[in-house]
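This report takes the domains, the ligand shell and a set of helix contacts in turn. Please keep the structure in view while reading.

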Amino acid sequence: MKNLSIGRHTVPYPLIQGGMGVRISGGRLAGHVARCGGVGIVAAAGLGLNTPHYDGKNFFTADPLALKDEIRKAYKIAPSGVVGVNCMVAVTNYEEMVEAACEAGAKIVISGAGLPLNLPSLTADWPEVALVPIVSSVKAADLIVRKWSKAYGRLPDAVVVEDPDTAGGHLGERMERIGSGEYDQYATVRGVRDLLREKWNAEIPVIAAGGVWSREDLLHSLKEGADGVQMASRFVCTEECDANDSFKQAYLDCNQEDIGLIMSPAGLPGRAISANIEKIRQRDIRMDIRCPSGCLKKCSYKTGRELFCIVHALDRAQRGDLETGLVFCGTNAWKADRITTVQAIFDELFQLADGVPRENAVNG
Ligand SMILES: Cc1cc2nc3c(=O)[nH]c(=O)nc-3n(C[C@H](O)[C@H](O)[C@H](O)COP(=O)(O)O)c2cc1C
């Protein structure tokens, strides 16, 4: 199996740990993935909430401070590992969070939930930071690459193709098309590769995200044309994942039919353990919760009190409130059957006998 190079950064194993917002993938998970030889990703969204930086009102001050803390934490675990940040275009403080990530030494910025059309301008002072858009279609990749090439004279350093039929969290596809059988993950992976090769004469890694759980899934992805995989749900039930134990227990307890689609106030569908969605909504109505921070650029709860306040629903779940917290997950979450370690997952995926071979080991 080949290593993975994204811009100037190389990891021994072709694996990116998917960003999981609102402190499911903080510095601890990202650091351990980086230490084991993958790309560890701190998700920027809503990071400030469950920290001493947050006083109930200063969301936008707390968020970048918390992001910098988490990146530092990750590098403490993996001093020479590859640690990146996931920044969602849909959040209000997108620009500030990308800049905070670069200031704190993130080596890669991965960006989706919208088209990251201006990302290169935000990182212009940090040319060593690799830029990776997340797309679910060749058309979106084409738009981004054209804009980046024309306006900034650069191409992405990798592209993540996220499958709306399997991935967790917010999904880049219309609700009615998800699960309809129309979407072909690996046709999209190959389509993006052909676009980059034929139109831009560029060999850029294309990463498949969504539905990868086992070594068999990983080998399948590579055989179908991906240069690597992005995996998120698989890392939740690890000792190192930053979520509360109850969040992890929700994965252990859930069945396949408990995993469903919800409509997010961000205007995107999302995949979650969805049985309590009405309870979440009722809570916000009953307690007359007003939009506390304006964390999303576009939010139907902020403007019309429709649906529910998503960042606080995710935050409650991260802290272990499964009654009124929203547990995002991919379609494979039901497969979790024990709490394991990041190293054990790497051992299984890459068939390592005694953990990371010495020559591949990243400090820590
Ligand atoms: C709990 C959870 C939170 C997520 N949060 C984010 C996020 O903040 N930003 C993002 O781009 N993707 C997010 N995702 C999507 C993942 O990064 C990843 O691409 C996807 O879940 C891959 O599918 P898998 O979970 O089947 O491995 C999230 C996924 C999960 C399960």
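## Domain contact

Contact between the two domains involves 25 residues of domain 1 and 23 residues of domain 2. On the side of domain 1 that touches domain 2, 16 residues are nonpolar, seven are polar and two are charged. This is a predicted model. Its protein chain is divided so that domain 1 covers 4-242 + 336-360. Domain 2 covers 247-328. Taken over C-alpha atoms, the domain centres are separated by 22 Å.

## Ligand shell

Which residues come nearest to the ligand? They are Gly18, Gly21, Gly168, Gly169 and Gly330, out of 30 residues around the ligand. Strand E5 (82-88) supplies at least two residues of the shell. Strand E11 (228-231) likewise supplies at least two. By class, the shell has 14 nonpolar residues, 14 polar residues and two charged residues.

## Helix H1 and its contacts

Helix H1 spans residues 27-36. Its contacts with helix H12 (residues 342-350) and with helix H2 (residues 59-77) are described here. The table gives the axis geometry.

| Pair | Axis distance | Angle | Handedness |
|---|---|---|---|
| H1 and H12 | within 9 Å | roughly 40° | right-handed |
| H1 and H2 | 7 Å | about 35° | right-handed |

Start with H12. The axes of H1 and H12 cross at roughly 40°. That angle makes H1 oblique to H12. The crossing is right-handed. From H1, the contact uses His32, Val33 and Cys36. From H12, it uses Val342, Gln343 and Phe346. By class, the residues of this contact are four nonpolar and two polar, with no charged residue.

Now turn to H2. H1 packs against H2 at about 35°, with the axes 7 Å apart. H1 passes H2 in a right-handed crossing. What does each helix bring to this contact? H1 brings Gly27, Arg28, Ala30, Gly31, His32, Ala34 and Arg35. H2 answers with Glu70, Ile71, Lys73, Ala74, Lys76 and Ile77. The residues of the H1 contact with H2 divide into five nonpolar, three polar and five charged.

His32 is listed in both contacts of H1: it meets H12, and it also meets H2.

Methods. Residues are numbered from 1 along each chain as its sequence is written. This is a predicted model: local features need pLDDT of at least 70, side-chain atom pairs count only at pLDDT 80 or more; totals for chains, interfaces and linings use all residues. Domain bounds come from an automatic or database domain assignment. Two residues are in contact if their C-beta atoms, placed from the backbone, lie within 7 Å. Ala, Val, Leu, Ile, Met, Phe, Trp, Tyr, Cys and Pro count as nonpolar, Asp, Glu, Lys and Arg as charged, and the others, Gly among them, as polar. A residue is near a molecule or strand if its C-beta atom, placed from the backbone, lies within 6 Å of it. Helices (H or I, at least four residues) and strands (E, at least two) are DSSP runs, numbered from the N terminus. Axes are lines fitted to C-alpha atoms, for helices over the stretch in contact, and angles run from 0 to 180 degrees between N-to-C directions. Angles under 35 degrees count as roughly parallel, over 145 as roughly antiparallel, 65 to 115 as roughly perpendicular and the rest as oblique. A crossing is left-handed if the near helix is turned anticlockwise from the far one by less than a right angle, and right-handed if clockwise.
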